[in-house]
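Please look over the sequence and the model before reading on.

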Amino acid sequence: MDVRSTPRYLYWLFCQFELITCCYLMEPWEKVIFYSFNLATLGLLLYISYACLAFQASSAFQLLCSFLGNPWENALSVVK
């Protein structure tokens, strides 16, 4: 993909998004509210996913270490 055509491709994707969601029929103030709500929802979803996945990954790692015979608490006591 050519770098010069990237903005054109992004614009094409944005037009496809507007066609799929029928945003092209909205008035400008409605678009602002719609996009603001969608961006806020996406941001909140990404933040919550990051926070929960970090906790779940930590718990899974602790469980895996305990199954392998190297409990997480023993590993932390070595570090201290």
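The report treats the overall fold, then the helices, the loop with its cysteines, and the aromatic pairs.

**Basis of the description**

This is a predicted model, in which local features need pLDDT of at least 70, side-chain atom pairs count only at pLDDT 80 or more, and totals for chains, interfaces and linings use all residues. Residues are numbered from 1 along each chain as its sequence is written, and side-chain values use heavy atoms, with hydrogens and water left out.

**Overall fold**

The secondary structure comes to 3 helices and 0 strands. Here helices (H or I, at least four residues) and strands (E, at least two) are DSSP runs, numbered from the N terminus. Along the sequence the pattern reads α-α-α. Of the 80 residues in the protein, 5% are buried. Buried means under 20% relative accessible area, exposed means over 50%, and partly exposed lies in between, with a 1.4 Å probe and protein chains only. The protein exposes about 7,100 Å², of which carbon and sulfur atoms supply 73%. These areas come from the Shrake-Rupley method with a 1.4 Å probe; for residues, only the protein chains shown count as cover.

The expected span of a helix is 1.5 Å times one less than its number of residues. Helix α2 has 40 residues and reaches 57 Å from its first C-alpha to its last, close to the 58 Å expected. After α2 comes Gly69, with a positive phi near 85°.

The unreviewed UniProt entry lists residues 33-53 as "transmembrane region". UniProt positions are given in the numbering used here, feature names are shortened, and annotations may be inferred rather than shown by experiment. In the model, the span of residues 33-53 is 100% helix and 0% strand, and its end C-alpha atoms lie 30 Å apart.

Thr21 belongs to helix α1, which covers residues 6-21. Its side chain reaches the backbone oxygen of Phe17 at 2.8 Å. Thr21 is partly exposed, with a relative accessible area of 29%.

**The loop and its cysteines**

Helix α1 is followed by Cys22, which has a positive phi near 60°. Most residues other than glycine have a negative phi. Cys22 is placed in the loop between α1 and α2, and Cys23 also has its place in the loop between α1 and α2.

Is Cys23 buried or exposed? Cys23 counts as buried, because its relative accessibility is 0%. Cys22, by contrast, is partly exposed, with a relative accessible area of 38%. From Cys23 to Phe34 the C-alpha distance is 8.5 Å, although the two are 11 residues apart in sequence.

A disulfide is a covalent bond between the sulfur atoms of two cysteines. It is counted here as a pair of cysteine sulfur atoms within 2.5 Å. How many disulfides does this rule give? The count comes to 0 disulfides. The closest cysteine sulfur to that of Cys22 is in Cys23, 7.8 Å away, and this is too far for a bond.

**Aromatic pairs**

A pair of aromatic rings is described by the distance of the centres and the angle of the planes. Rings of Phe, Tyr and Trp (its six-membered ring) pair if their centres lie within 6.5 Å; planes under 30 degrees apart count as stacked, over 60 as edge-to-face and the rest as tilted. A search of the whole structure finds 4 aromatic pairs, among them the two in this table.

| Pair | Centre to centre | Angle between planes | Type |
|---|---|---|---|
| Tyr9 and Trp12 | 5.9 Å | 20° | stacked |
| Phe14 and Tyr35 | 6.1 Å | 50° | tilted |

Phe14 lies in helix α1 and Tyr35 in helix α2 (residues 28-67), so this pair ties together parts that are 21 residues apart in sequence. Phe14 is partly exposed, at a relative accessible area of 37%. One aromatic cluster is formed by Phe14, Phe17, Phe34 and Tyr35.

Tyr9 and Trp12, in turn, both lie in helix α1, 3 residues apart, about one turn of the helix. Tyr9 is partly exposed at 39% relative accessibility, and Trp12 is partly exposed with a relative accessible area of 46%.

How values were computed. A polar contact is a pair of N or O atoms within 3.5 Å; within protein, one must be able to donate a hydrogen and the other to accept it, and residues adjacent in sequence count only if both atoms are side-chain atoms.
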